[in-house]
Amino acid sequence: MILVNTWKTVVLERFAKFDGRAGRAEYWWFVLANIIAYILLAILTQIASILVILLIGFWLAIIVPSIAVAIRRLHDTNKSGWFLLISLIPLVGGIILLVFLATPGDAGANTFGAPDPGIPAA
């Protein structure tokens, strides 16, 4: 539970911070929480179509934090945030980006700084 509380507060505190680093746990827990929330909102939309407004609002609310945490995750693997654009290449780009996001980060300091000592690396 401590790990979950750590990543949650870090992502919320750094929702628009595009510099620094984000570990795998921080990124993937954030992605999992967004997937679960999206599925729940999609189910509610099927029940009452007026709730599509909530789904659109949720999607708009997580655009900036999602981009920010993905860029910080790429920084943890010592890659530029511009590597997010590789996902624009059909089929292959998304797979390459997924590999980059799943790769363990650098243990020590890299071009983008030192890992956050308060966040456990996973």
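How much space lies in the largest pocket? In this predicted model, the largest pocket holds about 300 Å³ of space.

**The pocket**

The lining of the largest pocket is made up of 14 residues. Those nearest the centre of the pocket are Tyr-27, Val-31, Ser-66, Ala-70 and Leu-101. Three helices, α2 (24-47), α3 (52-76) and α4 (92-102), each supply at least two residues of the lining. The most comes from α2, which gives six residues. By class, twelve of the lining residues are nonpolar and two are polar, while no charged residues are present.

**The chain as a whole**

The protein chain has four helices and zero strands, and along the sequence its pattern reads α-α-α-α. Of its 122 residues, 32% count as buried. When contacts between residues at least 6 apart in sequence are considered, 67% of them join residues at least 24 apart.

**How the helices pack**

| Helix pair | Axis distance | Angle |
|---|---|---|
| α2 and α3 | within 11 Å | roughly 170° |
| α2 and α4 | 9 Å | about 125° |

The axes of α2 and α3 cross at roughly 170°. Because angles over 145 degrees count as roughly antiparallel, α2 is roughly antiparallel to α3. On the α2 side, the residues in this contact include Arg-24, Glu-26, Tyr-27, Phe-30, Asn-34 and Thr-45. On the α3 side, they include Val-52, Leu-55, Phe-58, Ile-62, Pro-65, Ser-66, Ala-70 and Arg-72. Sorted by class, the residues of the contact of α2 with α3 are 14 nonpolar, three polar and four charged.

The pair α2 and α4 packs at an angle of about 125°, and these two helices are therefore oblique to each other. Here Arg-24, Tyr-27 and Trp-28 of α2 meet Leu-98, Leu-101 and Ala-102 of α4. The residues of this contact of α2 with α4 comprise five nonpolar, no polar and one charged.

Tyr-27 takes part in the contact of α2 with α3 and also in the contact of α2 with α4. Tyr-27 is also among the residues nearest the centre of the largest pocket. Leu-101, on the α4 side of the contact with α2, is likewise among those nearest the pocket centre.

**Two buried residues**

Is Arg-14 buried or exposed? Arg-14 is found in the loop between α1 (2-13) and α2. Its relative accessible area is 18%, so Arg-14 is buried, the cut-off being under 20%. Leaving out residues up to four places away in sequence, Arg-14 touches Arg-21, Glu-26, Ala-68, Arg-72 and Asp-116. Of these, Glu-26 and Arg-72 also belong to the contact of α2 with α3. Arg-14 and Pro-65 are 51 residues apart along the chain, with their C-alpha atoms separated by 7.9 Å.

Thr-45 lies in helix α2. With a relative accessibility of 13%, Thr-45 counts as buried. Which residues does Thr-45 touch, not counting residues up to four places away in sequence? Thr-45 touches Leu-51, Val-52 and Leu-55. The C-alpha atoms of Thr-45 and Leu-55 are 7.5 Å apart in space, and the two residues are ten residues apart in sequence. Thr-45, Val-52 and Leu-55 are among the residues that make the contact of α2 with α3.

Note on methods: Residues numbered from 1 in each chain as written. Predicted model: local features only at pLDDT ≥ 70, side-chain atom pairs only at ≥ 80, totals over all residues. Heavy atoms only, no water. 1 Å grid on protein atoms, 1.4 Å probe; cavity = no way out; pocket = protein on both sides within 12 Å on 5 of 7 lines; lining within 4 Å. Points joined across faces, edges and corners; volume = space filled by probe spheres on them. Nonpolar A, V, L, I, M, F, W, Y, C, P; charged D, E, K, R; others polar. Axes fitted to C-alpha atoms, helices over the stretch in contact; angles between N-to-C directions. Parallel < 35°, antiparallel > 145°, perpendicular 65-115°, else oblique. Contact = heavy atoms within 4.5 Å. Buried < 20%, exposed > 50% of the residue type's maximum accessible area, 1.4 Å probe, protein only.
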